[in-house]
Amino acid sequence: MSERADRLRSAAAGPWLSFLSECVIRLSSRWDHEGVRRKEQVEACYEEHADALSRFAAALVGSNDAQDVLSVAVLNVLRTGSEIDNVPAYLYRSVHRAALHHWRATRRRGRRERVVWEPTPADDHTVDPRIVDALGAMSPRQRAVVHLSYWEDLTTATIAERLGVSVGTVKRHRTRAHAKLKEALANE
Amino acid sequence: MSDNDDAARIRQTLDQLTASAVPAPPMEALLNAERPRKSHALMFIAAALVVLSVSFGGLLLLQPGGRSDGESDATCGEAVAIDGRIYFRDGYNTDAVDASDLGAVIDRVDQAWPCNDTGDDQEVPTDGVVASALPPGTELRAIGSEPSDVRVAAVNGDEVRVYVSPTGDRFAFSADVFEIRINSGFDGSTRLATIDDPTLVRQLVNDLRVAPTAPRANDETDLDDEQVTVELVRSDGLRTVVPYWIDEDQLADRRVGDSWATAVNDALASGPPQPIADGITMIGAKGVARFHPNGACRRDRPDLEVQQGEVLSIALTDGTEISHLYVSPRPPTNSGETPPDPSYLSEPGQTFIAPELVGTTVVEAGLSQSADVCTVLLVTEAR
């Protein structure tokens, strides 16, 4: 570790690079010491919540991209440098963040939403096309709130904790999402 | 149908839509999924480089009013570095500080900071005072009694330019706040609402000061997210102007709680009607969309409900011509690409086709006779 640190320090040609190398040294050091414990902790949590997380990712970006988003989210959690108090909430938040990033990075909202929601089997009577359309017209945050409240049956406070936002924010997104669902379900 | 039936339908639909995502792959499979293996050090270097380039280059490029008087390259914004501490031009506050607000002279610009966005000039000099868009000799002064590690003012003749350090505490000022203005997120200055109840103002400022610091990530923004600008009017005659993303609880670099969202939403709900801009209207099946000066448009107050693809007539007063129509957010085409703006103006000056994207859409129009104006359409699904 110290040899790597010396190499990086001696390679630093300017203030930015010097700052950068210090960051790398500190982060690498943290990784060396905490990485193993963190991975075990995350692995245990992932095993317990894997299916729910995967469904959550699918609700946000569709089944086709769910695994990619899940993969990015888990990697991000493993790389985080700070202490994690609540690993399940952190994993959900990470999936949510990765989904938002995915959504914005592609900037192809309309097309993706069609791709996301089209694979519905036409003869599946448990799927309501009006709800599918309404979900497709929601923002990822609204969709996240709908999934966590209807599918996972979580309270507002728990949803706020999972998404890393305030209770008021969850209520606002839920109100908007409900308005869309209500309008959709009013159409026979 | 009852609410319980609706809830059951929603649950069943969600169940089916996400069913193919289970069983989830084991974690090892996720970590190994077509990802090239890199050393941790390399990954950190890459991540740190990205963060640094985005924070430096992005801030430089995104500062409003970044063009100097022809002395630096157009791709660069304005920045000043004082002994290694960097400050970026603050577009929001440029009109909020004038000569009478200036404090002591803290330094003068030693040399120009060449900034062409391509070379090694992104290295911040650790000594002296360098500026990308201020001539050597320009006075840098404190602003009021604020600590100069937060903001400084550059004085060039009659012009005062404000520079802000991205690491300084914007709320460390000692003056009282007696009014909170809620301004447009578009220009930071068009007033939408005001909070002037002294008790509420005091409580909000206290809540803000104890709120945890949390830098905002750009990728957290939804298209539907609402952004306004908050202007704290201070007893020392200065104003602190910061962006507020209501749906993210993010006020500048602080994560504020529900007290702020509630107060701002209440103030917005009771805010005065927006001024009307003459010269242009759009006529749809459900009525007439009036236009407002740019900055006064509010997504929570749509001017007209339209259907996807509905053709609207544009009515112009005599002598008014449209130079452009700009739709934000721009709806995607079938191929997923963003189309050029004129595609929404099927016959320039005559009709406008409502976008396909359901939700509120801001339409900006450039007029020959006045500044740009805007209207908000609530687009619903075509029946």
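How far does helix α5 (residues 258–269) of chain B reach from its first C-alpha to its last?

Reply: Quick housekeeping: this is a predicted model, where local features need pLDDT of at least 70 and side-chain atom pairs count only at pLDDT 80 or more, while totals for chains, interfaces and linings use all residues. Residues are numbered from 1 along each chain as its sequence is written, with chains lettered from A and ligands numbered from 1 in the order in which they are written.

Now your helix. α5(B) reaches 16 Å over its twelve residues, close to the 16 Å expected at 1.5 Å a residue. That expected span is 1.5 Å times one less than the number of residues. Helices here are DSSP runs of H or I with at least four residues, strands are E runs of at least two, and both are numbered from the N terminus.

Which residues of α5(B) are buried? They are W260(B), A261(B), A263(B), V264(B) and A267(B). Buried means 20 or more other C-beta atoms within 10 Å of the residue's own, exposed means 12 or fewer, and partly exposed is in between, with C-beta atoms placed from the backbone. In general, an α-helix has 3.6 residues a turn, so residues three or four places apart point the same way. For the whole chain, 34% of the 383 residues of chain B count as buried.

As for what α5(B) sits on, the helix lies across β9, β10, β11 (227–234), β12 (239–245) and β13 of chain B, at about 120 degrees to β10(B). Angles run from 0 to 180 degrees between N-to-C directions, with axes fitted as lines to C-alpha atoms, for helices over the stretch in contact. Contact means C-beta atoms, placed from the backbone, within 7 Å. Helix α4 (residues 198–210) of chain B also lies across β9, β10, β13 (250–251) and β14 of chain B, running at about 80 degrees to β9(B).

Those strands belong to an open, antiparallel sheet of six, ordered β10-β9-β11-β12-β13-β14 (chain B). Its edges are β10 (191–195) and β14 (254–255) of chain B, each pairing on one side only. Pairing takes at least two DSSP bridges between two strands. At the β10 end, strand β9 (residues 177–184) of chain B and β10(B) run antiparallel over four bridges, and I180(B) has I195(B) in β10(B) as its bridge partner.

β15(B) pairs antiparallel with strand β16 (residues 287–293) of chain B over five bridges, and a hairpin of two residues joins them. M282(B) is bridged to A289(B) in β16(B). β15(B) also has four bridges to strand β18 (residues 311–316) of chain B, again antiparallel, with I280(B) opposite L316(B).

Chain B has another open sheet, this one of eight strands with mixed pairing: β3-β6-β7-β8-β2-β1-β5-β4. β3 (102–108) and β4 (111–112) of chain B stand at its edges with a single partner strand each, so one side of each has no neighbour in the sheet. Inside it, strand β6 (residues 139–143) of chain B meets strand β7 (residues 151–156) of chain B antiparallel through three bridges, and L140(B) stands opposite A154(B).

Overall, chain B comes to five helices and 22 strands. Of its contacts between residues at least 6 apart in sequence, 64% join residues at least 24 apart.

Notes:
Contact = placed C-beta atoms within 7 Å.
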